[in-house]
Amino acid sequence: MSIERTRIVVVGCGASGVIAAANLARALGQDGDVLVVERGGAPGLGLAYATRDPNHLLNVRAANMSAFPNDPDHFFRWLQKRGQDFGAGCVTPFCFVERRVYGAYLGDLFEGATMDGVELIDAGAVRIEPWRDGVEVQLDDGTSIAADAVVLATGHDPKPPRQDGVADAWAPGALDGIGRDDEVIVIGTGLTMIDTVLSLDSRGHRGPIRAISRRGLLSAVHAAVEPRPIPASAIPFGAPLSQLLRLLRRHAAEATASGADWRSTVDALRPHTRRLWQAMSTDQRRRFLRHARAWWDVHRHRMAPAIARRIEALRETGRLEIVTGRVLGASPGPDGTELCVRLRGAQAETRLVARRVIDATGLPCGPFSSPNPVIAHLIEDGHARPDPLGFGLDLADDAALIAHGGQVSDRIFAVGPLGRAAFWEIIAIPDIRQQCADLAEDLAGRLAGRRKRRVAR
């Protein structure tokens, strides 16, 4: 059984899928015919925005969270109109609202897109097969959709279940059953750790929390800074990482000397990060991921000031301790979970035991182990391939999938986190919306051309 042919299928209805659908609706106009495929769940509520915890704030100012790059005030206008319905007290474009509020915005955005030809299909996509004049999306209910193009927007895969007694911070119930005074260890010191610690605190937990990572780095804090653009002509694209690091430090020092700070320099690189990444060789990318990624992440992905104050207070009272070391293994025991750790500067291994150990190390790497059948089958069937480093899909500059043999698809595309290996900075809303808008315009033009050719025949 097949569903009637449509023009575009978007697989996934989290943030990337909703923003892709909304931009497609705008680009296609009256020709809009978009089906979004997602089994269960509300539009927009993927891993990041499904949280109900009011302690979980956006890490980007409201001013930068519009779904449309050519309408940068779209989200803030929505906040002014609808924010109070969700308890949002944001009064300026430079505030940081709760992530659940942004999830509500995405829900409203999708509802508006349904008025422009977007339809949600409650089913899961399991396989995608390209044809000579289209593509077939096979669904888990036995039906299929024939389309002109497919946009993959499946977002972040969940981590596979662990068998060593360590709980995944993103898994439902990860914090359930923790006693008020129980000791907790969190593996990782990034933004997921911050969310975990604040959730524990809001639940009434008052026991000690130790957060451990190889470098013991905490995310920096947002501050209001003046923009200091860096022209592309001043950036040596393709230069060795050491030269790029010297450039970054020099610009940061100049910003500080002029009364600004390093944040202006990091923000100034935003328009250039994709080109910087794509100009690197595979070996340079590997070295960046191994040696520099953690430092970039803590300066690039920063905490809201209110969150930073709460974390600092927890550290000052001794309830939160940041530990520098490498976790070598874990195993369940009678008193909780036991970690084998090598602390920084130590030769011998240390045993740490806590009632609950939580994995907050971020996202799983690589599409090879993806539990999503669409991704798994695309790779198995040769229609897609991982990038050379194996932590994302190999994509062309227009976000088209690259097949096992190197052929670039003209029908299957990927947006959002699936493209992190190709574009690097593609997990934050400002980057996702630009990618979705560019792809929507491109697809609208392609489909218009195909329709003219069909009519001419």
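So, Leu-106: what does it touch, leaving out residues up to four places away in sequence? Its partners are Ala-15, Val-18, Ile-19, Pro-43, Gly-44 and Tyr-49, where contact means heavy atoms within 4.5 Å. Before I go on, this is a predicted model: local features need pLDDT of at least 70, side-chain atom pairs count only at pLDDT 80 or more, and totals for chains, interfaces and linings use all residues. Residues are numbered from 1 along each chain as its sequence is written, and side-chain values use heavy atoms, with hydrogens and water left out.

Back to Leu-106. Along with Ile-8, Phe-75 and Tyr-102, Leu-106 touches the most other members of the largest nonpolar core, which has 51 residues. By nonpolar core I mean a set of buried Ala, Val, Leu, Ile, Met, Phe, Trp, Tyr and Cys residues joined through side-chain atoms within 4.5 Å. Buried is under 20% relative accessible area, exposed is over 50%, and partly exposed is in between, with a 1.4 Å probe and protein chains only. Which elements give two or more residues to this core? They are strand S1 (2–11), H1, S2, H2, helix H3 (99–113), strand S6 (144–152) and helix H12 (429–456). A quick word on those names: helices (H or I, at least four residues) and strands (E, at least two) are DSSP runs, numbered from the N terminus. H1 gives the largest share, nine residues. There's also a second, separate core of 30 residues, and Val-11, Leu-139, Leu-378 and Leu-418 are among its members. In soluble globular proteins, nonpolar side chains tend to be buried together.

Now, H1 and H3. They pack at an angle of about 35 degrees, with axes 9 Å apart. The axes are lines fitted to C-alpha atoms, for helices over the stretch in contact, and angles run from 0 to 180 degrees between N-to-C directions. On the H1 side, the contact uses Ala-15, Val-18, Ile-19, Ala-21 and Ala-22.

Last topic, salt bridges: a side-chain nitrogen of Lys or Arg within 4 Å of a carboxyl oxygen of Asp or Glu. The count comes to 32. One of them joins Asp-71 and Arg-26, with the closest N and O atoms 3.9 Å apart. That pair links distant parts of the chain, 45 residues apart: Asp-71 is in the loop between strand S2 (34–37) and helix H2 (74–82), and Arg-26 is in helix H1 (residues 15–28). Are the two partners buried or partly exposed? Asp-71 is buried, at 15% relative accessible area, while Arg-26 is partly exposed, at 44%.

Another bridge runs from Glu-254 to Arg-250, again with closest N and O atoms 3.9 Å apart. These two are four residues apart in helix H5 (residues 241–257), so about one helical turn separates them. Glu-254 is partly exposed at 38%, and Arg-250 is partly exposed at 44%.
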